[in-house]
Amino acid sequence: MTSAPTSINSFRSLPDPDGHFGQFGGRFVAETLMPLILELEQAYKDAREDPEFRKEMDYFLKYYVGRPNPLYFAQSLTEHLGGAKIYFKREDLNHTGAHKINNCIGQILLAKRMGKTRIIAETGAGQHGVATATVCARFGLPCTIYMGAKDIERQSPNVFRMRLLGAEVKPVTSGSRSLKDAMNEALRDWVTNVTDTFYIIGTVAGPHPYPELVRDFQCVIGNESKAQILEAEGRLPDELVAAVGGGSNAMGLFHPFLDDKDVAITGVEAAGHGVHTGHHAASLTAGRPGVLHGNRTYLLMDDDGQIKEADSISAGLDYPGIGPEHSWLKDIGRVNYVSITDKEALSAFTLCSEKEGIIPALECAHAIAQIIKTAPKMNKDQIVLMCLSGRGDKDIFTVAEALGVKL
Amino acid sequence: MSDAIIGGKDRIAKRFEKLRAEDRAGLVTFITAGDPDPETSFEILKSLPAAGADVIELGMPFTDPMADGPAIQEASNRALAAGMHMRKTLSLVRCFRDHDHETPIILMGYYNPIYIYGVNEFLEDARNAGVDGLIVVDLPPEEDNELCVPTVEKGLSFIRLTTPTSDDKRLSKLVQNTSGFVYYVSVAGVTGAGSATNAQIIEAMARLRRHTDLPIAVGFGIKTPSQAAEVARVADAAVVGSAIVSKIAESLDENGKATDNTALVVSGLVRELADGVRNARK
């Protein structure tokens with residue numbers, strides 16, 4: 001956890017007390033939920049100031065999640081691309097195989113502190129669902145995970161994993177049957193079970209204070225990376241790269257570096273079949289500001305304000321919105337957002353597997369694809385630090401199908 | 001002069017005054033604009049006052065109705081699939097006003113389509129179409145500057161939802177900037193789910209009355225004429241939505257298209273509900 005600096009010259013001083021990052025963020029929720037959100041905000045403020053809470057978090061991050069994870073020099077990929085030195089922050093080596101667990105540890109400890117007795121969550125790729133089911137098993141709380149029916153089909157190993165961990169996985173058949181609909185369904189559950197239920201949101205989106213607290217819990221990625229790159233290279237990297245769906249691994253990596261003005265920062269969205277085709281998930285590249293799921297942010301929608309379905313081979317990026325702080329960072333120009341197609345992500349997935357012996361999640365394969373494009377044009381003494389946000393075991397069926405291989 | 005103002009009083013205030021004079025509660029009916037298609041929806045809308053609806057809530061279809069249960073979600077989907085959009089919703093109201101100058105119409109929905117339409121342009125067009133008020137589910141008082149304040153400035157009512165989770169401190173905040181009536185969501189949950197007990201509603205009414213002199217309409221979970229009558233004994237109005245919308249769904253043919261029965265079954269149910277409400281205090 002980080003305490004955000006308060007200088008007005010800092011990129012790290014937001015949100016304001018009403019949860020705004022510039023024009024983005026806010027609290028656009030049904031009145032039934034408002035008292036719960038205000039209670040959560042207060043509980044989080046108290047926890048943040050409490051050394052015991054921090055101590056407990058640090059304990060579980062170290063002994064349960066396995067932090068710090070390494071910052072790994074991807075030498076073989078670096079040599080293959082022949083340009084900048086590439087480092088991977090190995091979130092894939094965390095317990096449960098992705099960065100999602102960092103946030104879940106924070107939120108489950110908060111839920112316990114608030115005396116909540118039941119957990120709900122939404123999940124796309126299933127990584128957040130698995131991480132939530134994991135902490136619920138560890139802390140003995142029942143949990144219900146909402147997952148789009150479409151995602152259940154393409155992420156079956158994670159569905160089984162969640163059930164093994166004792167979670168109830170509820171398929172969501174409304175709307176586009178993917179992540180946004182799972183979030184709608186989780187909100188419907190929350191509005192119905194207001195007294196006992198804690199909603200563990202998996203990304204830096206939703207009503208205030210979620211974008212802030214999820215970011216703070218994920219900042220461990222950037223804080224460790226900073227110390228590790230200084231140790232390895234004696235200086236900060238030239239560029240950070242991370243994939244953005246909702247944007248939690250990216251925000252966790254970026255935030256501690258936002259005020260380091262010599263560090264270029266690149267967020268990679270999913271271009272699906274190509275932004276020009278209309279079948280993509282690139283809300284910053286091709287969307288516009290709107291209001292959904294409790295916050296104002298860039299969204300994919302039509303001229304009537306109806307939300308469009310996102311499309312990406314990666315279930316974790318298949319969301320028509322993005323965290324509000326990313327929208328703000330785009331508008332002020334601090335972070336550069338680009339997009340990568342399914343096809344480019346697939347070749348990056350195989351290249352990384354072959355060159356580094358690391359099978360990456362399809363989500364971060366988008367970040368690798370971006371590096372494949374840019375690293376060769378950089379000097380050999382330059383450094384690119386990328387968040388390898390998760391392992392790709394969950395994706396092998398999707399990839400096999402896309403490559404025409406029958407398992 | 002705004003179309004919402006007739007005889008120096010707005011339509012909502014006039015309607016509740018009339019109800020008080022008749023010593024009865026009102027029936028507020030919800031349908032989704034364009035459900036199951038724009039033409040049938042207009043037929044249904046037109047038939048509501050004669051069937052006994054005192055106030056009409058007209059849902060603005062949205063792809064992601066987070067606070068609605070399956071019945072109203074499906075109504076939204078049917079309307080959108082039939083090509084409904086915000087401008088058509090407003091023209092539905094405009095056509096209704098050719099026939100009816102007295103029944104208040106409240107548009108109900110989510111913020112994004114209004115935000116994308118443009119708040120000022122939307123309010124202007126809504127007022128000109130003959131809309132009397134708005135209920136926007138995802139705009140709590142914390143976001144009043146977005147739409148609530150401009151709505152009130154335009155002379156339309158911004159109707160607030162109060163809920164079982166609204167304590168006294170919260171209620172005093174909720175009744176600010178509000179007008180028309182106060183909508184009490186009687187159960188924590190989505191539309192069309194469980195129902196509150198009569199005792200719970202009576203207790204909530206007493207609490208709400210300490211904070212506002214506005215009429216109080218009670219909704220969520222009211223499905224039958226006898227439930228509507230129970231509410232009508234203690235509240236100023238009973239709101240029925242999912243039950244009506246479900247009737248529309250049941251009347252459709254195997255391809256999901258309207259039948260000759262569609263408008264009829266709706267007015268049939270509304271008539272029964274209105275009987276319940278009108279006879280409740282006798």
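Mentor: Start with contact: two residues are in contact if their C-beta atoms, placed from the backbone, lie within 7 Å. Keep in mind that this is a predicted model.

Trainee: Which residue ranges make up domain 1 and domain 2 of chain A?

Mentor: Domain 1 is 21-62 + 100-214. Domain 2 is 67-97 + 219-402. Their C-alpha centres lie 22 Å apart.

Trainee: How many residues of domain 1 of chain A are in contact with domain 2 of chain A?

Mentor: Apply the 7 Å cut-off. By that test, 40 residues of domain 1 of chain A are in contact with 36 residues of domain 2 of chain A.

Trainee: What gives the largest share of the side of domain 1 that touches domain 2?

Mentor: β2(A) does, with 5 residues. Other elements of chain A give two or more residues to that side, including α4 (100-113) and α5 (127-139). By class, the side has 17 nonpolar, 17 polar and 6 charged residues.

Trainee: Where does A:K100 lie?

Mentor: A:K100 lies in helix α4 of chain A. An unreviewed UniProt entry annotates A:K100 as "modified residue: N6-(pyridoxal phosphate)lysine".

Trainee: Why does A:K100 count as buried?

Mentor: Set the value against the cut-off. A residue is buried if 20 or more other C-beta atoms lie within 10 Å of its own. A:K100 has 31 C-beta neighbours inside 10 Å, so A:K100 counts as buried.

Trainee: Which residues does A:K100 touch, not counting those up to four places away in sequence?

Mentor: A:K100 touches A:Q127, A:H128, A:A131 and A:G202.

How values were computed. Residues are numbered from 1 along each chain as its sequence is written. Chains are lettered from A and ligands numbered from 1 in the order in which they are written. This is a predicted model: local features need pLDDT of at least 70, side-chain atom pairs count only at pLDDT 80 or more; totals for chains, interfaces and linings use all residues. Domain bounds come from an automatic or database domain assignment. Helices (H or I, at least four residues) and strands (E, at least two) are DSSP runs, numbered from the N terminus. Ala, Val, Leu, Ile, Met, Phe, Trp, Tyr, Cys and Pro count as nonpolar, Asp, Glu, Lys and Arg as charged, and the others, Gly among them, as polar. UniProt positions are given in the numbering used here, feature names are shortened, and annotations may be inferred rather than shown by experiment. A residue is buried if 20 or more other C-beta atoms lie within 10 Å of its own, exposed if 12 or fewer, and partly exposed in between; C-beta atoms are placed from the backbone.
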